[in-house]
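This report concerns a single protein chain. Please keep the sequence and the model in view while reading.

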Amino acid sequence: MKHPCHRSFTLLLFALLRLGRSSGTADSRPSCRRCDPQLSCNCSCGGFTRVPTVTDHARTLDLSFNNITALTDDDLKGHEQLKVLDLHANRIAIIHPSALDSLWSLEELDLSDNRLSTLNHSWFSHLGALQKLHLLNNPYSRLGSPPLFRGLVGLRSLAFGGPALQELRRGDLHGVTQLDELTVHANNLARYQSGALADIWPLGHVTLSLHGPFLTNPTLASAVLSDVSYPETPITLEDIHLTGNESAQALREAARKRIRQLSFRNLSMSDEAAVGFLLLFDGVPLTSLSFDGVTLTGDGSWVPANKTNLGSMDEIFVRNLVVVDILSFFMTAELYFLFQFQRKMSIINSKLFLVSCKTTQVMVNTEYLDVSDNLLTDMTLEYMMCEGSSTLKELRVLNISGNPLKSLSTVSRLVAKLTKMTHLDISRTSYSSMPSSCSWPSALRYLNISMSKLTTTTPCLPTSLEVLDLSYNDLRDFTVLLPVLRELYLSGNKFLRLPSGNLLVNLRTLTIQSNTLNVFSHSDLQSFRRLQNLQAGQNKFICSCTFVPFLQFLLRGGGDVQLTDGEASYVCDSPLHLQGKPVSGVHLSVVECHQVLFVSVSCGLALVVGVVLCVLLWRLHVFWYMSMTWAWLKAKRSSKNRRRRDTEGWEALLSFDAFVSYSERDAGWVENFLVPELEEPSDSNSGNASSFTLCLHKRDFLPGHWIMDNIMNAIERSRRTVFVLSENFVHSDWCRYELDFSHFWLFDVGGDAAILILLEPLSKDDVPKRFCKLRKIMSSTTYLEWPQEEERRPEFWRSLRNALRGDQEDN
């Protein structure tokens with residue numbers, strides 16, 4: 001037997017070896033954890049040499065196609081809940097007598113294809129719930145004694161036998177009272193005691209392999225058949241070779257007992273055997289005759305049996321027919337007598353290229369005709385349908401799929417006269433186009449044109465259709481009005497969208513899988529008035545923000561339309577980051593789904609934040625700091641004379657003792673009091689007071705230069721900056737510039753370079769808060785107040801001179 005496990009066991013065996021070493025015992029059992037939520041454990045093809053450990057609650061255990069050689073008494077202990085045990089295709093040669101004792105609930109047991117040379121009744125003595133037992137293809141020659149199946153009162157399916165089975169004795173099946181299915185492989189059976197299978201009643205379907213007995217001992221084969229032949233029991237005979245009339249006579253007892261249903265599988269038959277077979281069943285009320293895999297070795301000389309009465313035969317089924325000498329085989333016209341009475345006729349995959357008109361003319365009772373997967377062409381089909389004459393009047397179902405037919409108009413014309421035909425299958429043909437109009441039977445309800453090469457649909461399709469299958473063509477749209485259509489199958493085409501529901505007002509089921517469908521919407525489904533079931537999976541869906549919620553709603557069972565192909569069929573194809581993800585698990589963000597709204601809200605929030613931030617920065621004078629920093633840096637770059645940080649360089653640069661910053665409205669005080677007093681002091685006021693060089697903007701700023709450069713140069717070339725503070729100063733624009741630059745200058749050279757003179761009472765709170773350095777100086781340094789009393793002014797001037805001389809004295 002060919003092993004179905006197409007995989008390497010190397011890694012698994014290595015893992016088992018490691019498990020054995022880690023356990024510290026030579027006979028430790030491997031484990032298998034391949035169990036689903038329904039407690040079904042699939043340990044098939046696992047390379048196990050012993051029964052592995054699985055959960056004690058397992059209901060199904062599949063151990064097929066492993067290398068298990070023996071079942072010990074404790075391999076299956078603890079599995080009281082096990083219902084199904086599959087051990088076929090192993091190497092089991094030994095089973096301990098009590099190995100299966102704990103499986104009280106077991107209903108199905110398969111021990112086929114092993115190496116059991118003897119069978120022990122004790123294996124099954126505790127399996128009272130067993131319903132299905134398979135023991136095929138083991139090397140035992142007899143079932144054994146005492147009877148194996150004595151306690152299996154619930155057994156309904158039994159399969160036993162194999163190439164080594166030599167003997168069946170009466171009493172071997174004692175205890176088996178009734179079966180739904182019996183399979184016996186006895187191709188090499190040499191001894192059969194009549195009645196060995198006769199005690200089973202009622203008996204359902206029986207399958208017998210009796211190749212050897214039919215060839216060498218027809219009497220033995222006849223005895224076996226006689227014991228299982230009942231009118232109500234369908235019989236299938238496998239691997240039969242009927243060479244002559246004698247081998248056909250082995251069926252005599254079956255015919256005598258008026259069997260109703262007979263099937264052959266893998267049958268080889270000569271002309272002589274065929275004639276004997278037909279004559280044997282002459283007058284027998286055989287209702288169904290089936291051949292699956294039949295080889296005819298003669299030339300079809302069956303005419304001697306043309307008087308056979310097969311009037312009771314309702315169905316003939318032939319599949320995989322091989323005619324060895326096809327060139328000399330008689331035409332079907334000579335075998336017409338075989339097809340006179342049947343209601344159902346099937347000749348499938350048998351290289352049939354011609355059915356004569358004479359044959360179809362005698363098929364007056366045929367309602368079902370299947371000639372699929374043959375070699376019929378448009379021309380031979382015309383000959384079969386007897387164009388111009390009445391034939392197959394009672395035909396209701398015609399299947400001519402899988403034939404090399406090319407003309408759809410020819411088929412429609414030929415079947416138009418079959419007025420009772422309701423079902424037509426013309427799938428798997430070579431149709432590439434559809435004519436604009438066609439003639440069809442008025443009773444036609446089901447039409448299958450799938451797996452062809454159609455690119456368009458036309459009104460050729462009959463309006464009487466209730467079911468239409470156009471799957472796996474090259475269709476891109478569907479534009480035909482079919483008012484009574486209930487089911488439409490369009491899978492495997494090239495549809496980009498759903499067909500219009502206005503053309504299919506009665507449609508209840510639509511299948512459109514495996515197309516190029518990107519999206520569909522609620523409005524698309526609303527156009528179908530009565531649609532209930534939709535299968536649209538396995539398409540190239542664009543997971544957009546409108547499609548995903550809608551499809552998820554349908555997958556949850558919402559709406560009137562049910563998606564019957566399951567969540568796993570609906571997978572995103574785009575965008576790229578969602579490709580391959582199930583639509584049911586996709587969650588799209590607000591940014592992806594509401595971009596315009598998101599941008600609008602984001603811009604609005606950004607604007608609000610910007611306005612708030614600007615107000616905050618304005619209140620904190622950040623803009624002022626930035627503008628003054630820029631002006632400061634620009635003025636420093638454009639200034640021709642830079643301040644030197646070393647003492648000698650700086651002293652060489654200084655030209656004034658003080659730069660006087662004052663308001664134009666206070667110019668009178670500066671010119672009448674400050675300048676005369678400091679630049680031209682009188683002895684009467686100050687004693688031996690020295691003179692100072694002052695920088696005034698009116699006389700000392702260079703004309704034609706940028707005012708910022710003049711202020712910057714004046715501050716840099718002066719040892720001190722004298723601020724004449726007043727209400728006028730605070731509100732003067734030019735004073736603000738001078739104060740601003742002085743503010744930055746003070747950060748460079750320190751607070752001692754500034755001298756404050758208050759012409760009128762002015763607190764630090766009257767100075768704008770952005771001049772934090774000056775406000776700090778006012779709060780930490782004694783400033784000079786201009787006295788209104790005459791007698792206090794000499795002291796004021798003395799203090800001012802001392803302040804102006806501070807750097808000189810330090811230097």
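## Basis and confidence

The model is predicted, so that local features need pLDDT of at least 70 and side-chain atom pairs count only at pLDDT 80 or more, whereas totals for chains, interfaces and linings use all residues. Residues are numbered from 1 along each chain as its sequence is written, and side-chain values use heavy atoms, with hydrogens and water left out.

The chain has a mean pLDDT of 85, and 86% of its residues reach 70 or more; pLDDT is the predictor's confidence in each residue, from 0 to 100. The pLDDT is below 50 over residues 6–26, a stretch with 19 contacts in the model beyond near neighbours in sequence. Residues 640–652 also have pLDDT below 50, with 21 contacts beyond near neighbours in sequence. Contact here means heavy atoms within 4.5 Å.

## The largest pocket

A volume of about 820 Å³ is computed for the largest pocket. On a 1 Å grid over the protein atoms alone, a pocket is an open set of points with protein on both sides within 12 Å along at least five of seven lines, while a cavity is a set where a 1.4 Å probe fits but cannot get out; lining residues have an atom within 4 Å of a point. Points are joined across faces, edges and corners, and a volume is the space filled by probe spheres set on them.

The pocket is lined by 33 residues, of which Leu296, Leu321, Val323, Phe329 and Leu335 are the closest to its centre. Two or more lining residues come from each of helix H6 (271–280) and strands S15 (288–296), S16 (315–323) and S17 (344–348). S16 gives the largest share, six residues. These elements are DSSP runs numbered from the N terminus: helices are H or I, at least four residues, and strands are E, at least two. By class, the pocket lining has 28 nonpolar, four polar and one charged residue. Ala, Val, Leu, Ile, Met, Phe, Trp, Tyr, Cys and Pro count as nonpolar, Asp, Glu, Lys and Arg as charged, and the others, Gly among them, as polar.

## The largest cavity

The model holds two cavities of 30 Å³ or more, and the largest cavity has a volume of about 90 Å³. Among its 12 lining residues, Phe339, Ile347, Val355, Thr359 and Met363 are the closest to the centre. At least two lining residues come from each of S17 and helix H7 (357–361). The lining comprises nine nonpolar, three polar and no charged residues.

## Helices H8 and H9

The axes of H8 (residues 378–385) and H9 (residues 408–415) come within 11 Å and cross at roughly 0°, which means that H8 is roughly parallel to H9. Axes are lines fitted to C-alpha atoms over the stretch in contact, with angles from 0 to 180 degrees between N-to-C directions; angles under 35 degrees count as roughly parallel.

Asp378, Leu381, Glu382 and Met385 of H8 make the contact with Thr410, Val411, Arg413 and Leu414 of H9. These residues divide into four nonpolar, one polar and three charged.

## Backbone details

A cis peptide bond, with omega about 0°, joins Ser145 and Pro146; Pro146 lies in the loop between strands S7 (132–136) and S8 (157–161). Asp373, in the loop between strand S18 (368–370) and H8, has a positive phi near 55° although this residue is not glycine.

Conventions: Angles under 35 degrees count as roughly parallel, over 145 as roughly antiparallel, 65 to 115 as roughly perpendicular and the rest as oblique.
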